[in-house]
Structures are given as C-alpha cells and as structure tokens.
Amino acid sequence: MKILISAYSCEPGRGSEPGVGWNVAREVAKYHEVWVLTRPDESSEIIEAELARNPVPNLHFVYFNLPFLGSLWRWNQSGAMQIHYYLWQIQAYFVARRLHRQIGFDAIHHVTFVKYSNPSFLSLLPVPFIWGPVGGGESAPKAFWQDFSWRAKAYETARSLVRWLGELDPFVHMTAKKSAIVRATTEDTAKRIRKMGVNQVEVICESGLPKEEILSLAQCSMPTDSTVRFISMGRLLHWKGFHLGIRAFAKANLPNSEYWILGDGPERQRLQNLAEELGVAEKVKFWGRLPREQSLEKLSKCIALVHPSLHDSGGWVCLEAMAAGRPVLCLDLGGPAVQVTSETGFKVSAHTPQQAVEDLAIAMTRLAEDSELRTHMGKAAQTRVREVFDREVMGLALAQLYEEIAAPNSNQSKPMLLHSN
C-alpha cells in the first residue's frame with residue numbers, strides 16, 4: 001500500500017511530537033511504502049543523516065515550508081507557532097494533492113503536532129483519512145486551581161479559550177467528520193470529538209518504546225537498600241502536579257524514605273518552598289535536569305514513579321518506569337490513565353487536591369511497606385509494555401488498520417477497532 005503521513009514535527013532520536021512522527025513513519029514503512037510531509041528546517045539534515053546510516057527503502061520524505069512567513073515557527077511564542085502550523089496545514093493540502101495525482105495514495109494519516117481543535121486539510125482529499133493521535137482535550141480540574149499561581153491560572157484560562165475558539169472552526173468539524181477514524185490520546189479528547197458528531201473514535205497511547213530499550217530497562221532490578229525512594233521526572237510546571245506528590249510524601253511520613261524530583265522549570269522555587277513548609281526539605285531532593293543515562297540511573301534507585309500530572313496527553317516517562325519494573329502512581333486523568341492499570345500501579349481519582357493527596361499518600365505507604373506488591377506490579381508493568389507499547393507491536397497494528405480502512409470492500413464509515421487500551 002501507498003501511505004501518506006503528515007508529520008509537522010518529525011525527527012529521529014527525539015521524544016515528544018518529533019519522536020512520534022519519526023517512529024510512526026519508520027515502523028509503518030516496514031509494511032507499506034510511506035511518504036512523509038514535514039518541514040525542512042534543521043530536522044531534514046538529521047533525518048537524511050539517519051537514513052544514510054540506516055536506510056529504509058520504503059520511506060520517502062517530502063520537505064516544504066510556507067512560501068511566506070516560513071520562519072514564523074522559530075519565534076519563541078506559542079501563538080506564532082500555532083499560526084505557522086495552521087498555515088502549513090493549508091499548504092500541505094496543495095502539496096499532497098499534487099503528490100496524490102502522481103502516486104495515488106491508499107490512505108492518509110495526520111500524525112504529529114495534532115490538537116483536536118486544529119484542522120487537517122488533508123481530509124479534503126478523496127482518500128481514506130486517519131486523524132491522530134489527537135490530544136488537547138484535557139483540563140486541570142477546577143478544584144485543583146486553588147494551588148495555582150496567577151500566571152498558572154492565566155495559562156489555564158488562555159488554554160481553554162484557544163480550545164473553545166478551535167471548536168468553533170468549521171474546518172475542525174470537517175476534519176473530524178471526514179476521518180475514517182479518529183485516534184484520541186485520552187478519553188477527555190475522545191469525548192470532545194464525539195460531541196462533534198463523530199463516533200469512530202479510538203483511545204490510544206501516542207507513545208511507545210523500541211524493543212531494545214524495553215529489554216535494556218528490564219534489567220533494572222529493584223533496590224534492596226533500607227531507604228525507600230520515590231521519584232518524579234519531568235518539567236517543573238504547575239500542571240505536572242509535583243506539588244501534590246510532595247504533599248502526599250509529607251502526609252505519608254514514612255521512615256527511611258526520600259522523594260527525588262528530576263527536572264527543572266518555573267515551579268522549582270515554589271516546590272522547594274513547599275517542601276520547607278511541610279518539614280520534608282531534607283528528604284525531598286531536587287536533582288535538576290539530568291542527561292538521560294543519569295536519569296535512568298536515579299530511577300533504578302527508586303521503588304516507584306510518582307506522576308500526578310493534571311493534563312498530560314501522553315509521554316514517555318510512565319512507559320520507561322513501567323519497562324523498568326516500577327509501579328506508577330498517577331491521577332486518573334489524561335494519558336497516564338490510559339497507560340497505567342490497577343495491575344501496574346495506582347490511578348488516583350482527582351476530585352479535590354486534599355482527596356488526591358490522601359490517596360497518593362496511602363499508595364506510597366502501601367508500596368513502601370509491601371515489597372511483594374511492588375514486585376508484582378513491576379512485573380505486570382513490564383508485561384504491559386511488551387504487549388502494548390512496543391513500537392513494533394504498535395507499528396504492526398497501525399499497518400493493519402491502514403489495510404482495513406483502505407480495503408475496497410470494507411465499510412469505511414465503521415472500521416473495526418483493532419486494539420484499545
């Protein structure tokens with residue numbers, strides 16, 4: 001089959017959106033011939049260098065940018081990038097239409113830099129269209145705003161406003177309704193898409209790990225020393241919820257315990273002040289931003305990952321911890337709620353900050369006191385990663401989805417969902 005992938009962000013060796021674009025394209029190219037629309041910029045040199053080292057015969061890249069304002073995305077402003085992204089999608093339609101006349105694609109897949117409130121004009125082409133993974137429908141529950149600074153509240157308000165404006169865009173509704181299937185990263189996003197009158201929505205995790213990394217992380221044995229350590233990793237932003245982790249750790253009041261926080265960001269000072277106020281500053285260690293190898297070395301010394309994010313669409317950190325055999329403590333929100341199950345960790349309800357902190361503290365205490373429980377959860381987490389989040393497994397499932405949606409005799413309005421989480 002001939003597949004066209006739209007990947008505004010695409011770069012090998014990266015996480016987040018660029019990594020999703022590259023990994024989806026490379027895995028699918030094992031089964032079908034793939035063309036990828038992406039920006040030239042610095043990524044093109046990295047992509048071509050990677051293909052020179054590790055050729056993928058079925059993978060072709062088509063680089064283009066706007067005929068004007070091509071460097072707008074470089075401005076250090078989210079709004080500027082959003083404008084560039086929207087205009088780039090319009091340009092992508094004309095590039096794709098020309099390519100389709102030459103090649104004749106069997107399916108088109110819009111993969112990266114995808115928010116459900118932004119359209120994809122590729123859906124206008126007379127080819128079965130897959131939209132997603134799409135995210136952005138998640139919100140920090142209003143009860144949790146009480147802990148936010150005025151800047152954080154302004155950010156959340158602006159985010160909701162932008163999303164509301166996007167939902168008014170008729171091209172967004174057009175994209176959703178013309179999609180053979182929409183792949184949403186969270187149930188929150190799926191609900192918003194269903195409100196547009198679209199029923200063919202599949203909730204999937206956008207992230208996956210390469211098999212070699214899964215095997216490597218599986219060698220990370222549980223620590224046996226007397227100090228029980230929990231770890232959080234990520235940017236120190238208000239919506240990452242690390243303040244909830246610190247409060248839960250203080251409430252648990254565990255003997256011989258530490259809470260390690262890896263990462264940096266604007267909330268660091270507030271988090272350090274909170275640890276001081278709660279009397280746990282000596283037990284909460286801020287390591288700053290570390291290289292990947294050092295981060296994984298720190299993870300190996302901890303018994304569980306604490307990831308109380310308030311509106312993550314997805315991410316690698318939970319999967320890496322699970323692959324390393326570490327239970328995950330998260331809120332029952334967003335992408336982590338898709339990745340984590342009751343067998344692999346604790347998904348805590350997010351009704352109020354007080355309730356979430358208390359439930360997280362209970363989970364910390366249970367894991368600290370029950371070595372068999374954390375071992376059992378860790379093994380279940382590794383099994384889940386192997387069976388669901390291995391990139392090869394995800395790539396094969398996607399390749400099969402293309403075949404089903406593009407099959408001449410299939411009911412394209414109701415494609416069978418091949419897998420769910």
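Modeller: Happy to! In helix 10 (residues 292–299), the buried residues are Ser295, Lys298 and Leu299; buried means under 20% relative accessible area, exposed over 50%, and partly exposed in between, with a 1.4 Å probe and protein chains only. Viewed down the helix axis, these buried residues fall within an arc of 105°, so they line one face of helix 10. That arc is taken from the directions from the helix axis to the C-beta atoms. In general, an α-helix has 3.6 residues a turn, so residues three or four places apart point the same way. The packing partners of the buried residues of helix 10 are strand 8 (228–233), strand 9 (257–262), strand 10 (284–288) and helix 11 (317–323), where contact means heavy atoms within 4.5 Å. Helices (H or I, at least four residues) and strands (E, at least two) are DSSP runs, numbered from the N terminus.

A word on the source: this is a predicted model, in which local features need pLDDT of at least 70 and side-chain atom pairs count only at pLDDT 80 or more, while totals for chains, interfaces and linings use all residues. Residues are numbered from 1 along each chain as its sequence is written, and side-chain values use heavy atoms, leaving out hydrogens and water.

Now for a loop residue. Glu138 sits in the loop between strand 5 (129–134) and helix 4, and counts as buried because its relative accessibility is 1%. Leaving aside residues up to four places away in sequence, Glu138 touches several residues, including Arg159, Arg163, His311 and Ser313.

Helix 4 (residues 150–168) also holds Trp164, which counts as partly exposed because its relative accessibility is 48%.
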